[in-house]
Amino acid sequence: MCVIGSGGREHALAAALSRTADVVVTPGNPGMRLLSGLACATGPAESIPADLYVIGPEAPLVDGLADRLRAAGKLVFGPGADGAQLEGSKAWMKAVLASAGVPSARYGAFAEVGPAVEYLRSLPGPWVVKTDGLAAGKGVLVTDDVDVAAADVAAKTVRSILR
């Protein structure tokens, strides 16, 4: 079995899976090397022979790793790039929800700060500012202060304002 990733999520997955199977983790992390039943490899997942590939991080999923492995006849746990796009783009996900009639908070997607701040100031609080794209869990601000929200918009490249 091959677990792809090096974070805490992948560490927990690898530790649990290693109880019943031999696990290779790529790239892994130093703490994983201490677990019995685990080996860490530095090569790409495609070069590691395994019966099952478990992909943890969002970035390789969005980049289509699961699709490439499946195309090579491998068994994979993780969504293809199309499914991973739900996490990969907040603006795209909100558009999918809207087109499917799924109730969701009002939103706007912006490439420039000025129109984003103008939209933000037109909404009642609290305000939520999300970065479009992968942000490693760090791309969201929730605040009751519109000026703090506007400053956050100006401080980062913002693609979506969600409320």
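A polar contact of 2.3 Å joins the side chains of K94 and S104, a polar contact being a pair of N or O atoms within 3.5 Å in which, within protein, one atom must be able to donate a hydrogen and the other to accept it, residues adjacent in sequence counting only if both atoms are side-chain atoms. The structure is a predicted model, in which local features need pLDDT of at least 70 and side-chain atom pairs count only at pLDDT 80 or more, whereas totals for chains, interfaces and linings use all residues. Residues are numbered from 1 along each chain as its sequence is written, and side-chain values use heavy atoms, with hydrogens and water left out.

K94 is placed in helix 5 (residues 90-99); helices (H or I, at least four residues) and strands (E, at least two) are DSSP runs, numbered from the N terminus. With a relative accessibility of 6%, K94 counts as buried, where buried means under 20% relative accessible area, exposed over 50%, and partly exposed in between (1.4 Å probe, protein chains only). A91 also lies in helix 5 and, at 16% relative accessibility, counts as buried. The C-alpha atoms of A91 and I4, which are 87 residues apart along the chain, are separated by 27 Å.

I4 belongs to strand 1 (residues 2-5), both faces of which are covered: C2 and I4 on one side, and V3 and G5 on the other, are all buried. In a regular strand, side chains alternate between the two faces of the sheet. Strand 1 pairs with strand 2 (residues 23-27) in the parallel sense over 4 bridges, two strands being taken to pair if DSSP finds at least two bridges between them. Within strand 2, T26 stands opposite I4. From strand 1 the chain crosses through helix 1 (residues 8-17) to strand 2, and this β-α-β crossover is right-handed; that is, with the strands pointing away from the viewer, the path from the first strand over the helix to the second runs clockwise. Strand 1 is also joined by 3 bridges to strand 4 (residues 53-55), and these two strands run parallel. Here C2 stands opposite Y53 of strand 4.

These strands form part of an open sheet of 5 strands with the order 3-2-1-4-5 and parallel pairing. Strand 3 (38-40) and strand 5 (76-77) stand at the edges, each with a single partner strand, so one side of each is left without a neighbour in the sheet. Strand 3 is joined to strand 2 by 3 bridges, and the two run parallel; in strand 3, L38 is the bridge partner of V23. Helix 1 packs on the sheet, touching strand 1, strand 2, strand 3 and strand 4, and its direction makes about 170° with that of strand 1. Contact means heavy atoms within 4.5 Å, and axes are lines fitted to C-alpha atoms, for helices over the stretch in contact, with angles running from 0 to 180 degrees between N-to-C directions.

Two cis peptide bonds may be described together. One joins T26 and P27, with omega of about -5°, and P27 is placed in strand 2. Another joins G125 and P126, with omega of about 0°; P126 is placed in the loop between helix 6 (113-121) and strand 7 (127-130). Most peptide bonds are trans.

In helix 6, the residues A116, V117, Y119 and L120 are buried. Seen down the axis of helix 6, its buried residues fall within an arc of 160°, so they line one face of the helix; the arc is that of the directions from the helix axis to the C-beta atoms. In helix 7 (residues 146-155), V146, A149, A150, D152 and V153 are buried. The buried residues of helix 7 likewise fall within an arc of 160° when seen down its axis, so they line one face of the helix. The face of helix 7 turned away from its buried side carries the exposed residues A154 and A155. The N-terminal end of helix 7 is capped by D145, a side-chain oxygen of which lies 2.8 Å from the backbone nitrogen of D147.

V140 is placed in strand 8 (residues 140-143) and, at 44% relative accessibility, counts as partly exposed. Its C-alpha atom is separated by 4.5 Å from that of K130, 10 residues apart along the chain. Not counting residues up to four places away in sequence, V140 touches V128, V129, K130 and K156.
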